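Please read them alongside the sequence and coordinates.

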Amino acid sequence: MKKIIALLSAMVLFVLVGCVPNEVTTSTLYIHNDGTVEAYFVEDFDSSIYSFSEFQSYVNEEIEDYNLEHSASVELMNLSIDETNVMLRIKYPMAIDYERMNGVTCFYGTIAEAKADGYDFESMDSRDDSAFILIVSESIQIMTEHNIVYMSDSVSEIDKHIYQVTVDDSSNDGNVGILIFE
């Protein structure tokens with residue numbers, strides 16, 4: 001799946017349903033209340049270089065291989081193309097599936113679970129261990145139905161329920177975006 005992200009170079013436009021805005025112009029993860037994650041990508045696609053049918057086969061094979069290897073149910077919800085863009089929407093049953101397929105940190109769970117997984121929160125204010133937290137290590141837009149009660153310095157609010165995480169993607173120094181949910 002990391003190869004898909006590398007192949008897709010610049011986020012442009014996609015449509016979300018439900019309580020989220022109709023148009024978004026950047027790479028976005030939609031975190032549902034039940035913990036499922038939808039990744040939306042719309043990227044430049046040069047059909048003179050890439051074959052859409054080969055790309056479609058590649059995406060389907062990557063998802064199928066991942067599901068078999070991890071007993072998961074990652075779903076390709078949409079894959080389409082227009083004159084210049086490929087639109088890709090993938091639903092992940094859990095954040096760990098997004099993390100594994102894309103080679104980035106993406107943790108969603110309680111603070112207690114995050115601590116048990118080795119995340120360190122010494123520099124943060126004291127928080128209730130039962131509160132939910134999202135930790136991501138990539139610059140990406142986050143949409144959620146949750147109310148945010150804390151965001152790290154690398155996160156900025158764009159609009160109600162829409163946040164931008166900006167981290168140094170070239171660094172492996174543990175730079176992450178953190179959001180805590182009500």
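1. A nonpolar core here is a set of buried Ala, Val, Leu, Ile, Met, Phe, Trp, Tyr and Cys residues joined through side-chain atoms within 4.5 Å. Buried means under 20% relative accessible area, exposed over 50%, and partly exposed in between (1.4 Å probe, protein chains only). The largest such core has 34 residues, of which Leu29, Tyr98, Leu134, Ile142 and Leu179 touch the most other members. A second, separate core of nine residues includes Ala114, Phe121, Ile178 and Ile180.

2. On provenance: this is a predicted model, in which local features need pLDDT of at least 70 and side-chain atom pairs count only at pLDDT 80 or more, while totals for chains, interfaces and linings use all residues. Residues are numbered from 1 along each chain as its sequence is written, and side-chain values use heavy atoms, with hydrogens and water left out.

3. The protein chain has four helices and eleven strands, taken as DSSP runs numbered from the N terminus (helices H or I, at least four residues; strands E, at least two). Of its 182 residues, 44% are buried. With contact meaning heavy atoms within 4.5 Å, 58% of the contacts between residues at least 6 apart in sequence join residues at least 24 apart.

4. What does Leu134 contact beyond its neighbours within four places in sequence? The partners are Ile31, Cys106, Phe107, Tyr108, Ile142, Gly177, Ile178, Leu179 and Phe181.

5. Strands count as paired if DSSP finds at least two bridges between them. Strand 1 and strand 2 run antiparallel and are joined by four bridges; Ile31 has Val37 of strand 2 as its bridge partner. Their hairpin has five residues between the strands, and Gly35 takes a positive phi near 90° there.

6. Thr36 is in the loop between strand 1 (28–31) and strand 2 (37–44). Is Thr36 buried or exposed? Thr36 counts as buried because its relative accessible area is 12%.

7. Seven of the eight residues of strand 2 are buried. Strand 2 also pairs with strand 4, antiparallel over eight bridges, and Ala39 stands opposite Ile90 in strand 4. Val86 belongs to strand 4 (residues 85–92) and is buried, because its relative accessibility is 0%. Val86 and Val42 are 44 residues apart in sequence, but 5.5 Å apart in space, C-alpha to C-alpha.
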